[in-house]
Amino acid sequence: MIQLYGLKMSNYYSLTKALLIEKDLAFEEVKAPPTQEEDNLVRSPMGKMPSIGVDGQYMSESLAIAAYLDRLQPTPALLPADPFAAGKVIELVCHLKLNVELVARRCLPEAFFGQTVSEETKASTHKDLAKGMQAVRRLMVCGPYAVGDTLTLADFYTFYTFGLASGITQAIYGENLLDGHDNIAQLLTKLAQHPSIARVEAEKAG
Ligand SMILES: N[C@@H](CCC(=O)N[C@@H](CS)C(=O)NCC(=O)O)C(=O)O
């Protein structure tokens, strides 16, 4: 049995939970807020969530966990068998994580936690997000899934990246991040109905 540590409010926790469900792996959820306490740092060296426990060993970073789960339970495969195609999925995941999600996150404290972010940060975030969106747009096929006709890991990152980033741009700039990206908006609607993601979202309320 795998332990999933973190909180339901976290997009990366939710993504990892959706992957565990997608893979039909047995897991239990353990409430663990992000802290710099030793017990959490042992699981997650930056003190973030999520992390998983496997037979007394721990792993952090959603992408590392996803790579582990895809090998542990190869079906349904979330990375293509073709090595280059698999690399392309990870490439898109990296751009979503680093150039959209992580950039938008700079404004998270003001968007959702009542803190203040400097005008300078808001301006640089706006500029960098536009660049990140261009990068993602070049790589995303939306045909209908992120990289083609098959669901991959990139779809899970698409759903949970834009779930957070769109909320932040709406709150900070009053802008819809997906304006002009109708194909991504349509993909998000489709992914919201995908059973593993739908279950995670439904269970957030509980
Ligand atoms: N690169 C990490 C990011 C994880 C992350 O940003 N987690 C957030 C919640 S979604 C967190 O723990 N934030 C609290 C903190 O940074 O202290 C991953 O992919 O798992």
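1. Let me start with the interface itself. In this predicted model, domain 1 and domain 2 bury about 1200 Å² between them, and carbon and sulfur atoms account for 67% of that area. On the domain 1 side, the residues that lose the most area to domain 2 are N11, Y12 and L63; together these three make up 42% of what that side buries.

2. For orientation, the domain assignment places domain 1 at residues 2–76 and domain 2 at 83–198. Taken over C-alpha atoms, the centres of domain 1 and domain 2 lie 21 Å apart. The contact involves 13 residues of domain 1 and 16 residues of domain 2.

3. What about charge pairing and polar contacts? Between domain 1 and domain 2 the count of salt bridges is zero.

4. Which elements give two or more residues to the side of domain 1 that touches domain 2? They are α1 (11–22) and α3 (62–72). The largest share comes from α1, with eight residues.

5. A last point on composition: the side of domain 1 that touches domain 2 has eight nonpolar residues, along with three polar and two charged ones.

Methods
Residues are numbered from 1 along each chain as its sequence is written. This is a predicted model: local features need pLDDT of at least 70, side-chain atom pairs count only at pLDDT 80 or more; totals for chains, interfaces and linings use all residues. Side-chain values use heavy atoms; hydrogens and water are left out. Domain bounds come from an automatic or database domain assignment. Contact means heavy atoms within 4.5 Å. Buried area is the accessible area (1.4 Å probe) that two parts lose on being put together, summed over both. A salt bridge is a side-chain nitrogen of Lys or Arg within 4 Å of a carboxyl oxygen of Asp or Glu. Helices (H or I, at least four residues) and strands (E, at least two) are DSSP runs, numbered from the N terminus. Ala, Val, Leu, Ile, Met, Phe, Trp, Tyr, Cys and Pro count as nonpolar, Asp, Glu, Lys and Arg as charged, and the others, Gly among them, as polar.
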